[in-house]
Amino acid sequence: MNPIQSLQHMLDRLARTNSNLPRLAESGLFDELTLEAVMVFQRDLGLPVTGVVNQRTWDAITAAYYLNLLQSDIPPLLSVFAGGSHNVSGQESSPEVFIVQVMLNSLLPEIVNLERTEVNGRNSDATRRNLRVIQQLTGLDVTGNLDRATWAFLSHLYRALVARRAFHTLAL
C-alpha cells in the first residue's frame, strides 16, 4: 500500500463515523475527493486548511484513525491463562478465576444450569459447579478444575455468546 492509499484508507475509515468526510476509494491517486477529505479533516481539527498533507496533518489523521479503531473495532484478544499444564483445582485462588467468574456470570442468560457465583478469585464450590457445566457441554473431563482446555472453551463461548452480541449492539 503506497502512502496515498494509506491516507485514503485512514480517511475513509474516519468517514464511517464522521459524515463531514467523503468516502474514498483506495486508488492511490491524490484526486479531488482525497483533496476534499484532507481539507475537511484539516478544517474540522482546526489545522490550516491547505489540502497539503504535511507532517502535522499526517500525524493528526493517523492519531484520529487509531483512536477510531480503538473505539469501534473488536478489541484485540487478551491471553491471560498461564501456559503449560496450569490447573486451578479445589478452593485455590488465582487471578484467572476472577475473569472466569465474570465470564460465567455473563453467560447466565445464555446457558442453562449455570448459577451466579461471587467474583472473588477463589475456585469456590459455585465456580467449580459452573465449570463442570461448561466441561460437560463441551465434552471435556468433568472435574470442576480450571485447566487450559476449559479456559479455551469458556473463552470461545464467551466471545460467541456475550462479546460479539455486545459489540454488535454498540455498532448499531
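In which element is the place of Gln 8? In this predicted model, for which local features need pLDDT of at least 70, side-chain atom pairs count only at pLDDT 80 or more and totals for chains, interfaces and linings use all residues, Gln 8 lies in helix 1. Residues are numbered from 1 along each chain as its sequence is written, and side-chain values use heavy atoms, with hydrogens and water left out.

Helices here are DSSP runs of H or I with at least four residues, numbered from the N terminus. Gln 8 has a relative accessibility of 0% and therefore counts as buried (under 20% relative accessible area, with exposed meaning over 50% and partly exposed in between, for a 1.4 Å probe and protein chains only). When its neighbours within four places in sequence are left aside, Gln 8 is in contact (heavy atoms within 4.5 Å) with Leu 24, Ala 25, Glu 26, Ser 27, Gly 28, Leu 29, Asp 31 and Thr 34.

Phe 30 is found in the loop between helix 1 (3–15) and helix 2 (32–45), and, because its relative accessible area is 37%, it is classed as partly exposed. With neighbours within four places in sequence again set aside, the contacts of Phe 30 are Ile 4, Leu 7, Leu 35, Val 38, Gly 51 and Val 53; the C-alpha atoms of Phe 30 and Leu 7, which stand 23 residues apart along the chain, are separated by 9.3 Å.

Helix 2 is followed by Gly 46, which has a positive phi, near 75 degrees.

Helix 5 (residues 125–138) likewise has 14 residues, and the distance from its first C-alpha to its last is 20 Å, close to the 20 Å expected at 1.5 Å a residue. Its buried residues are Ala 126, Thr 127, Arg 128, Asn 130, Leu 131, Val 133, Ile 134 and Gln 135. Just after helix 5, Gly 139 adopts a positive phi of about 80 degrees.

Key: Helices (H or I, at least four residues) and strands (E, at least two) are DSSP runs, numbered from the N terminus. The expected span of a helix is 1.5 Å times one less than its number of residues.
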